[in-house]
Amino acid sequence: LPIPGFQDTVPPTPSLADTSTHVHECGSSPVDPGGASATDVCDGSAPVSQVTPSFDPNNIGTGTFDYDFLDQAGNQASISRNVSVVDTTAPGTITIAGGPSIQVECHSSAPLPAASAIDACDGTVAATPSPSDLDGQLPGSYPVTYTAWDAQFQSNSLQVTATVVDT
């Protein structure tokens, strides 16, 4: 029951169950790790009224999850959890322009087809073939490895067979 003449002016006291920095994988949607709570001298506890991710989930860097609390008397409090956005995932599947079947004319100087992969943090990244061309090769089948690197030096590779023909 309310006490006549008493006005609650004390804000809630927020806390985090785990104060370690939350690690967020670049390119994924922000997910609140939870564990934020607040006690209140009059209400016992105060619910989280808003959770705001204050970081760019698509770029490596730092930021916070900001938690706002509001008690029944309208007193506000907030607390923040540190967030580190990291990229630990290599680029995805490599796609070769024109498809994975590569055919090169004997003694031509045509480059191997371009290729790329999608990286969750860097977007589209080029995939480089090795060897870079098959110029001077006799007719036959040759292995070619395409490798895509992201800005964090993580890679994905795809080995295909290129056929040199003499038509």
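Predicted model: local features only at pLDDT ≥ 70, side-chain atom pairs only at ≥ 80, totals over all residues.
Local features were taken at pLDDT of at least 70 and side-chain atom pairs at pLDDT 80 or more, while totals for chains, interfaces and linings use all residues. Numbering runs from 1 along each chain as its sequence is written, and side-chain values rest on heavy atoms, with hydrogens and water left out.

Asp40 sits in strand β3, residues 36-40 (strands are DSSP runs of E, at least two residues, numbered from the N terminus). Asp40 is buried, that is, under 20% relative accessible area with a 1.4 Å probe, protein chains only. Even so, Asp40 has no salt bridge (a side-chain nitrogen of Lys or Arg within 4 Å of a carboxyl oxygen of Asp or Glu); the nearest side chain of opposite charge, Arg81, is 19 Å away. What the Asp40 side chain does reach is backbone: the nitrogen of Cys42 at 3.1 Å and that of Asp43 at 2.9 Å. Setting aside neighbours within four places in sequence, Asp40 is in contact (heavy atoms within 4.5 Å) with Asp8, Val10, Pro11, Pro12, Ser45 and Asp71.

As for aromatics, a search of the whole structure turns up one pair (ring centres within 6.5 Å). Phe55 lies in the loop between β5 (48-54) and β6 (61-70) and Phe65 in strand β6, so the pair ties together parts 10 residues apart in sequence.

Definitions and conventions:
Helix = DSSP H or I, 4+ residues; strand = E, 2+ residues; numbered from the N terminus. Buried < 20%, exposed > 50% of the residue type's maximum accessible area, 1.4 Å probe, protein only. Lys, Arg positive; Asp, Glu negative; His and termini not counted. Polar contact = N/O pair within 3.5 Å; in protein donor to acceptor, adjacent residues only side chain to side chain. Phe/Tyr/Trp six-rings, centres within 6.5 Å; stacked < 30°, edge-to-face > 60°.
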